[in-house]
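User: I have a model open and want to talk through it. Can you take my questions as they come?
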Amino acid sequence: MERKHSKIGIASFILAVVSVVGMIGSAIGASVAAAGFANDPALLSGVAPDELPPGMGGLLAMIGLMFLFILTALVGAVLGLVGLFQKDRAKLFSILGLVFNGLVVLFVMVILVIGMLAAPALPGTFG
C-alpha cells in the first residue's frame, strides 16, 4: 500500500516556494528602488532629518517583505521537521520543504555575514 503524502510536508514545500519566489521578487524590487537613489543623488539632498526622501517608502516596503519571507521560510522549516516525524506518511515534501526553506535561511545568513564583514571596509562607516 502506498503511503499518502504528509499534509504538513506539502505545506512546508509550498511555503518554501513562496519564500524563494518572494525573496527573489522583493530583492529585485529593493534593487530597483535603490538604483533610483544611485542614479539621482539629489533625491537625498535637502530632505529634513525627520522625513523620508521620495521613493524611500518603496525601498523600505521591499525590505519589510524580505523579512516577512524569512519568517515564512522559518515556519516552513519547522513544518518540514514536523512532517519528517509523522508516522505512515511519505517524506518527500517534508524533505524538500526543509531543504529549500533551510537554503533560504542559510542564504540570508551568509549575506548578513558578508555585509557585516564588508562594512568596516566601506568609506564613511564607523569601522
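User: Which residues does Leu-98 touch, not counting residues up to four places away in sequence?
Analyst: Leaving out residues up to four places away in sequence, Leu-98 touches Ser-12, Ala-77, Gly-80, Leu-81 and Leu-84. Bear in mind that this is a predicted model.

User: Where does Leu-98 lie?
Analyst: Leu-98 lies in helix H3.

User: And why does Leu-98 count as partly exposed?
Analyst: Its relative accessible area is 25%. Buried would mean under 20% and exposed over 50%, so a value in between is classed as partly exposed.

User: How far is Leu-98 from Leu-84, C-alpha to C-alpha?
Analyst: The two C-alpha atoms are separated by 9.0 Å, and the residues are 14 apart along the chain.

User: OK, back up. What's the overall layout, in helices and strands?
Analyst: There are 3 helices and 2 strands in the protein. Along the sequence they follow the pattern β-α-α-β-α.

User: How much of the protein is buried?
Analyst: Of the 127 residues, 22% are buried. The accessible surface comes to about 8,500 Å², and 78% of that belongs to carbon and sulfur atoms.

User: What share of the contacts comes from residues 24 or more positions apart?
Analyst: Such residues account for 74% of the contacts with a separation of 6 or more.

User: What about Leu-92 and Ser-6?
Analyst: That pair is 86 residues apart in sequence and 8.5 Å apart in space, C-alpha to C-alpha. Leu-92 lies in helix H3, and at 48% relative accessibility Leu-92 counts as partly exposed.

User: And Val-20 with Phe-100?
Analyst: Val-20 and Phe-100 are 80 residues apart in sequence, with 8.0 Å between their C-alpha atoms. Val-20 has its place in helix H1. Its relative accessible area is 32%, so Val-20 is partly exposed.

User: Switching to the surface. Which residues make the nonpolar patch?
Analyst: The patch is made by Ile-95, Val-99, Phe-100, Leu-103, Leu-106, Phe-107, Val-110, Ile-111 and Ile-114, and its area is about 810 Å².

User: Pick Leu-103 from that list. Where does Leu-103 lie?
Analyst: Leu-103 lies in helix H3, which spans residues 92–118.

User: Is Leu-103 buried, partly exposed or exposed, and why?
Analyst: Leu-103 is partly exposed, because its relative accessibility is 48%. Patch residues need over 30% relative accessible area, so that value passes the cut-off.

User: Which helices supply the lining of the largest pocket?
Analyst: Helix H1 (7–39), H2 and H3 each supply at least two residues. H3 gives the most, with 6 residues.

User: Last topic, backbone. What's phi of Asp-88?
Analyst: Phi of Asp-88 is near 55°, a positive value in a residue other than glycine.

User: Why point that out?
Analyst: Because most residues other than glycine have a negative phi.

User: Where does Asp-88 lie?
Analyst: Asp-88 lies in the loop between helix H2 (56–84) and strand S2 (89–90).

User: Buried or exposed?
Analyst: Asp-88 counts as exposed, because its relative accessibility is 66%.

Methods: Residues numbered from 1 in each chain as written. Predicted model: local features only at pLDDT ≥ 70, side-chain atom pairs only at ≥ 80, totals over all residues. Heavy atoms only, no water. Patch = residues over 30% accessible without salt bridge, like charges linked within 9 Å, V, L, I, M, F, W, Y side chains within 5 Å. Areas by Shrake-Rupley, 256 points an atom, 1.4 Å probe, with all protein chains shown as cover. Salt bridge = Lys/Arg side-chain N within 4 Å of Asp/Glu carboxyl O. Helix = DSSP H or I, 4+ residues; strand = E, 2+ residues; numbered from the N terminus. Buried < 20%, exposed > 50% of the residue type's maximum accessible area, 1.4 Å probe, protein only. Contact = heavy atoms within 4.5 Å.
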